[in-house]
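Please examine the sequence and the three-dimensional view below. The questions that follow may then be answered with the picture in hand.

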Amino acid sequence: MSGLLDVTARGLANDLISMMGKDVTYRRVAEVYNPSTGATVATPTEYAVHCILALFTAEEIGASMAEAADTQLLFAASELPIVPARGDEVVFDSATYKVITDAQIEWSGAQHCLYRVRAQG
C-alpha cells in the first residue's frame, strides 16, 4: 500500500529526473529459445526514459566504489517498469553504456523511488 511518503518521494524523483535528465533508451536483451530452429535468439526490449548521467567523485573512486571510467546513471523508478540489472544497456546520443552493477535501490517508504547503477561506455 502506498503512503504519503511513497507518493511524494516518487513524484519528486520523477519530476527532477524528467526536468534535469536526458532522453535515453534503456535496453534489456533476453535470450529466447526458438523451438522450431533449436537456437536461442537475442530479443531486445527497449524503454524510452529519462536519465541523469553523472561522474563519480574522486572520493568514491579512491574508496574503490567506482573506477575512473565509470558513469553513474540515475533513473526514476516510476518511469522505468523494470529494475536495472547487470548486462543491460543505456543508449544516450550515439553512445552505448553497459550496466556493470545491479541497481542500488532507493526507497521512498514501501516502493522504489530511484535506481542508481554504475555503467561503462
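**Reading the model**

Q: Does Asp88 count as buried or as exposed?
A: Asp88 has a relative accessibility of 4%. The cut-offs are under 20% relative accessible area for buried, over 50% for exposed and the range in between for partly exposed (1.4 Å probe, protein chains only). With its 4%, Asp88 therefore counts as buried.

Q: What kind of model is this?
A: Residues are numbered from 1 along each chain as its sequence is written, and side-chain values use heavy atoms, with hydrogens and water left out. Local features need pLDDT of at least 70, side-chain atom pairs count only at pLDDT 80 or more, and totals for chains, interfaces and linings use all residues, the model being predicted.

Q: How far apart in space are Asp88 and Lys98, C-alpha to C-alpha?
A: Asp88 is part of the loop between E3 and E4. Along the sequence, Asp88 and Lys98 are separated by 10 residues. In space, the distance from C-alpha to C-alpha is 6.0 Å.

**The chain as a whole**

Q: Which pattern does the chain follow along the sequence?
A: Helices (H or I, at least four residues) and strands (E, at least two) are DSSP runs, numbered from the N terminus. The chain holds 2 helices and 7 strands. Read along the sequence, these elements give the pattern α-β-β-α-β-β-β-β-β.

Q: What percentage of the residues in the chain is buried?
A: The C-alpha trace of the chain spans about 50 × 40 × 25 Å along its principal axes. The chain has 121 residues, and the buried share of them is 34%.

**Strands side by side**

Q: How many bridges join E1 to E2?
A: Two strands pair if DSSP finds at least two bridges between them. E1 and strand E2 (residues 39-55) run antiparallel, and Val29 stands opposite Pro44 in E2. The number of bridges that join E1 to E2 is 13.

Q: Which residue in the turn between E1 and E2 has a positive phi?
A: E1 and E2 form a hairpin, with 4 residues between the two strands. In this turn, a positive phi of about 75 degrees belongs to Gly38.

Q: Which residue in E3 is the bridge partner of Leu55?
A: E2 and E3 are paired in the antiparallel sense, and 4 bridges hold this pairing. The bridge partner of Leu55 in E3 is Thr71.

Q: What is the phi of Gly109 in the turn between E6 and E7?
A: E6 and E7 form a hairpin, and 4 residues lie between them. Gly109 is in the turn, where its phi is positive, at about 135 degrees.

Q: What is the relative accessibility of Ser64?
A: Most residues other than glycine have a negative phi. Ser64 is not a glycine, yet its phi is positive, at about 60 degrees. The residue is found in the loop between helix H2 (58-62) and strand E3 (70-76). Ser64 counts as exposed because its relative accessibility is 66%.

Q: Is Asp93 buried or exposed?
A: Asp93 also belongs to a residue type other than glycine and has a positive phi, near 50 degrees. Its place is the loop between strand E4 (89-92) and strand E5 (95-99). The relative accessible area of Asp93 is 69%, so the residue is exposed.

**Cysteines**

Q: How many disulfides does a search of the whole structure find?
A: A disulfide is a pair of cysteine sulfur atoms within 2.5 Å. The sulfur of Cys51 has its closest cysteine sulfur in Cys113, and because the distance is 15 Å, the two are too far apart for a bond. Likewise, Cys113 is in no disulfide, with the sulfur of Cys51 as its nearest cysteine sulfur, 15 Å away. For the whole structure, the number of disulfides found is 0.

Q: What is the relative accessibility of Cys113?
A: Cys51 is buried, since its relative accessible area is 0%. Cys113 counts as buried as well, because its relative accessibility is 11%.
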